[in-house]
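This briefing is to be read beside the sequence and the 3D view. Please look at both before going on.

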Amino acid sequence: MVTAEQVWHALEEIPDPEIPVISLVDLGVIRDVRVDGTRVHVSFTPTFLGCPALEAMKRALEQTVSELGGEPDVEVVSDDSWSTDRITPTGREKLREAGFAPPAPRAAGPTTLVQLQSKAFRCPYCGSTETRLENIFGPTPCRSIRWCESCRQPFEQFKTI
Amino acid sequence: MNERVQLLLSTADDELIVGWRDSEWTGIAPTLEEDVAFSSIAQNEIGHARALYELAAAELGTNADALAFDRSPHEYRCAPLVELHLLEWAHTIARRYLYEEADRLRIDALMRSADTELAGLAAKIDREETYHRLHAELWADRLRDEPRFRAAVEELWPYALGLLEPELRPELARRIGLRVDSTQAIERGEHTPALAELWHEMTEVRRSEPGAEW
């Protein structure tokens with residue numbers, strides 16, 4: 001019989017469909033794994049509700065559980081329990097290596113334009129903080145576009161939510 | 001249809017239709033930056049619609065796709081503001097700005113609801129909406145003194161009132177700097193002819209193969 005630990009271990013291998021350098025576990029979206037006989041309950045939270053990869057993630061989770069011999073029961077929990085603060089330190093490092101600036105920590109209140117225009121954002125390529133906001137929106141709902149004044153290239157910044 | 005389902009469908013229909021209208025800017029916005037912004041906002045609003053439809057679908061024994069696409073136009077509960085076909089920048093920005101300001105108040109009320117499932121979803125939507133609000137505020141600040149923009153806000157104001165329940169309207173008026181005149185409000189319930197046109201296009205592919213699994 002499959003154990004919760006084996007399931008967690010297997011889930012660590014599932015890449016995010018849009019940013020495959022990071023796993024769903026490192027992204028912090030897996031909320032809970034419960035094994036009840038052959039039935040394996042996995043609950044996960046979408047990053048953004050507009051994420052087109054939601055169905056792909058669900059199918060990947062089901063397939064992984066099936067391959068372990070479990071009967072998958074995947075639940076999507078749409079509440080505010082996920083925030084970008086749940087991305088693991090390993091996950092943040094993997095994002096940076098792949099050229100995505102990891103999200104800034106969540107502040108007490110909602111993100112403001114002044115914060116986005118501040119010098120708190122580091123270029124993932126050269127490490128400079130001489131970067132500016134190009135567009136709040138990017139190729140997916142979870143990313144913004146910034147420009148590095150030091151190495152003169154654009155980069156993608158994970159939004160803080 | 002109970003009150004909860006009505007509320008879920010009104011909100012979901014607003015989000016779906018406003019997302020659909022915003023997506024009409026994909027590829028034709030005045031700058032690439034706005035192309036990306038409008039496309040991303042549209043995608044996210046439609047994502048919010050999906051999550052809200054799912055809660056309604058669980059009660060009605062159907063699914064989100066069926067609620068989004070298989071109803072006839074008169075069954076939609078969206079407010080007329082989101083239906084308007086406004087391919088003109090001042091009006092588009094005025095609608096985004098009015099919509100976000102009204103939506104903020106509605107989400108805030110849902111977050112305080114005793115319905116924990118709905119309150120949880122509202123809290124998640126609220127976090128994501130932060131970025132839509134920044135976009136709307138940025139444009140509203142930039143255009144504040146432009147007569148065309150001010151005229152567009154005033155023209156759409158009666159429609160904006162129709163998005164909210166009467167008790168939330170005074171706060172919206174305070175935020176926008178206009179006055180509440182509820183006799184003037186263009187209320188939810190009646191649709192503009194633009195909705196039927198939009199619906200025809202939006203559901204065309206799905207209607208071409210009824211019952212198909214996509």
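The points below cover a sheet, some cysteines and a loop serine.

The model is predicted: local features need pLDDT of at least 70, side-chain atom pairs count only at pLDDT 80 or more, and totals for chains, interfaces and linings use all residues. Residues are numbered from 1 along each chain as its sequence is written, chains are lettered from A and ligands numbered from 1 in the order in which they are written, and side-chain values use heavy atoms, with hydrogens and water left out.

**Sheet in chain A**
- An open sheet of 4 strands in chain A runs in the order S4-S7-S6-S5, with mixed pairing.
- Its edge strands, each pairing on one side only, are S4 (100-101) and S5 (131-135) of chain A.
- Strands (E, at least two residues) and helices (H or I, at least four) are DSSP runs, numbered from the N terminus, and two strands pair if DSSP finds at least two bridges between them.
- S4(A) runs parallel to S7 (residues 153-158) of chain A and is joined to S7(A) by 2 bridges.
- Opposite A:Phe100 stands A:Glu156 in S7(A).

**Cysteines**
- Over all chains there are 0 disulfides, a disulfide being a pair of cysteine sulfur atoms within 2.5 Å.
- A:Cys148 is in no disulfide, and the nearest cysteine sulfur, that of A:Cys126, is 3.6 Å away.
- A:Cys148 is buried, at 0% relative accessible area.
- A:Cys142 is also buried, at 11%.
- Buried means under 20% relative accessible area, exposed over 50%, and partly exposed in between (1.4 Å probe, protein chains only).

**Loop in chain B**
- B:Ser113 sits in the loop between helix H5 (89-111) and helix H6 (116-143) of chain B.
- B:Ser113 is partly exposed, with a relative accessible area of 26%.
- A C-alpha separation of 26 Å is found between B:Ser113 and B:Ala42, which are 71 residues apart along the chain.
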